[in-house]
Amino acid sequence: MPRQRSAKEPINTPLQNRRKATQRERLLKGMVAAATRDGYAGANVSAVIGEAGVSRPTFYDYFEDRDDCFVATVIDVHEQLLGAVRDAIARELPQQALASTIKATLAFAGSQPAEARFLMKETLAGGPAALDARDEGIAQTAKLVEDAFTRVPSSIAVPDVPVTAVLGALHRLLASRLRRGERALAGLEHDLLAWIASYEQRAGQHRWRKLRPFGAPGRSPYLPPTTLRAPPALGPGRPRLSEEEVAENHRQRIMFATSQIVQERGYTAATVSEITRVAGVDGRAFYRLFADKQEAFSAIHELGFQYLMAATAGAFFAGKSWPERIWEAFRATAQSIDDTPTFAHVAFVEAYAVGPRGIQRVEDSHIAFTIFLQEGYRVQSEGETPPSRLALEAIITTIFEIIYVQTRASAKPKTDALLAHFVHLCLAPFIGADATNQFVDEKLAKTRKLTRSTRVQPPRGRIGSRAGHDRRGTS
């Protein structure tokens, strides 16, 4: 039986419904325009309604606030991209699903650069809800690829890579180029397709598409002797330190307090008053050392990057062969990240929220880490086409995307359990999938053997004794 309409209930005609839909579309387009021009921070309600040409009351008819509109725009643009990917996959054989997705994404970025920049760059600065929408959209796209791969016969070769991480990395690679105003994005297609083809294995032999932890390797002996942590607070009264020493103590405590608050609340929500409270200093001390929270954030980000690069480089040069050096380097990288989770959140989750300086530092770090891959050109399989420079950037960006996901998922990430995945991503384009799998298996077997050999059983008849409970990591 049809629902009875109240006498006071308005009748929405098709024309009125269309008008409402048009107003909402204008607001979504207004958000894209405002965010791509002024970033997430500048895309306030006034800017959006100015771009959309609607009134403020009309905005609040559709959205609760700026963030509600921002997230709705992320979802809307993702749906546009998802439709293009779905069509592209349907036109090709299922084993071409990842290649088709890359082509469709590049075509979308080339034909709709504003929407692509909003989706791939500005979303990273939009806070937890926007990041959730971004990650969910990438996961939905990856599912289209994985669904296609399930229809591939086991004897057919397809790329053995974590699809979600590769697509997240693709978004980041395009974001950096869209930020610089590049338009010839189709020129990236050849190098990206050649890169993913270097991971091809018969579908029935895949082992790397799922980010399955292989167990934490032993503790790297090449890590710095001390981890990043704030110095203790100064005691009451006048400390027996110089003014410079006092200022440095305050500076470091402010930096680490900034990273703690940013991890807990996000960069945008963090305030100077919260930072000074956690640091145990007053506002005057803060502003003597930093102009604002952005400068404090940049300082801890820079310190953390220097620490991470030093740990990675020190371990890299300890290896006997290039594959060994890659294993040691990324073991140190992963364990440094796990040792400093607040910095990891600053570096891999929140850096885009700081603005152009933070974004540039992230992109520079991607390029800096490609230095560890350069030696691969000297040891690559004979007769194989060498990976492009873009492929090196894609490898590092995919690893960083994995770290980003792990860091978002937990305040205590366990990225070192994914070391084998990082090494596979680095080595396979140079020495081939078979040689890479053999090397990784040998390293994992050695790790398991060392772990078993150092496991101590408690003495019999002494239940509850602490003897035998000192389990140290192995190198």
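Q: Before we start, what does "contact" mean here?
A: Contact means that heavy atoms lie within 4.5 Å. With that cut-off, residues 24 or more positions apart account for 74% of the contacts in the protein chain that have a separation of 6 or more.

Q: And what kind of model is this, and how are residues numbered?
A: This is a predicted model, where local features need pLDDT of at least 70, side-chain atom pairs count only at pLDDT 80 or more, and totals for chains, interfaces and linings use all residues. Residues are numbered from 1 along each chain as its sequence is written, and side-chain values use heavy atoms, with hydrogens and water left out.

Q: Okay, how many helices and strands are there?
A: The protein chain has 20 helices and 2 strands. Both are DSSP runs numbered from the N terminus: helices are H or I with at least four residues, strands are E with at least two.

Q: How much of the chain is buried?
A: Of its 475 residues, 51% count as buried. Buried means under 20% relative accessible area, exposed means over 50%, and partly exposed is in between (1.4 Å probe, protein chains only).

Q: New topic: rings. How many aromatic pairs are there?
A: A search of the whole structure finds 19 aromatic pairs. Rings of Phe, Tyr and Trp (its six-membered ring) pair if their centres lie within 6.5 Å; planes under 30 degrees apart count as stacked, over 60 as edge-to-face and the rest as tilted. One of the pairs is Phe59 with Tyr60, edge-to-face at 5.1 Å centre to centre and 80° between the planes.

Q: Are those two buried or exposed?
A: Phe59 is buried at 0% relative accessible area, while Tyr60 is partly exposed at 41%. Tyr62 and Phe63 also form a pair, which is tilted: 6.5 Å centre to centre and 50° between the planes. There, Tyr62 is partly exposed at 23% and Phe63 is buried at 4%.

Q: Which rings link up into a cluster?
A: Ring pairs join Phe305, Phe316, Phe317, Phe348, Phe369, Phe372 and Phe400. Phe316 also has the charged end of Arg325 over its ring, 6.0 Å from the centre. A charge sits over a ring if NZ of Lys or CZ of Arg is within 6 Å of the ring centre and within 35 degrees of the ring normal. Arg212 lies over the face of Phe214 too, at 4.3 Å from the ring centre.

Q: How many disulfides are there?
A: The search finds 0 disulfides, a disulfide being a pair of cysteine sulfur atoms within 2.5 Å. As for cysteines, Cys69 is buried at 0% relative accessible area, and Cys426 counts as buried at 0% as well.

Q: Last one: where's Val440, and what does it touch?
A: Val440 lies in helix H20, residues 433–453, and counts as buried at 0% relative accessibility. Not counting residues up to four places away in sequence, Val440 touches Trp208, Ala420 and Val423. Val440 and Glu324 are 116 residues apart in sequence, yet 9.8 Å apart in space, C-alpha to C-alpha.
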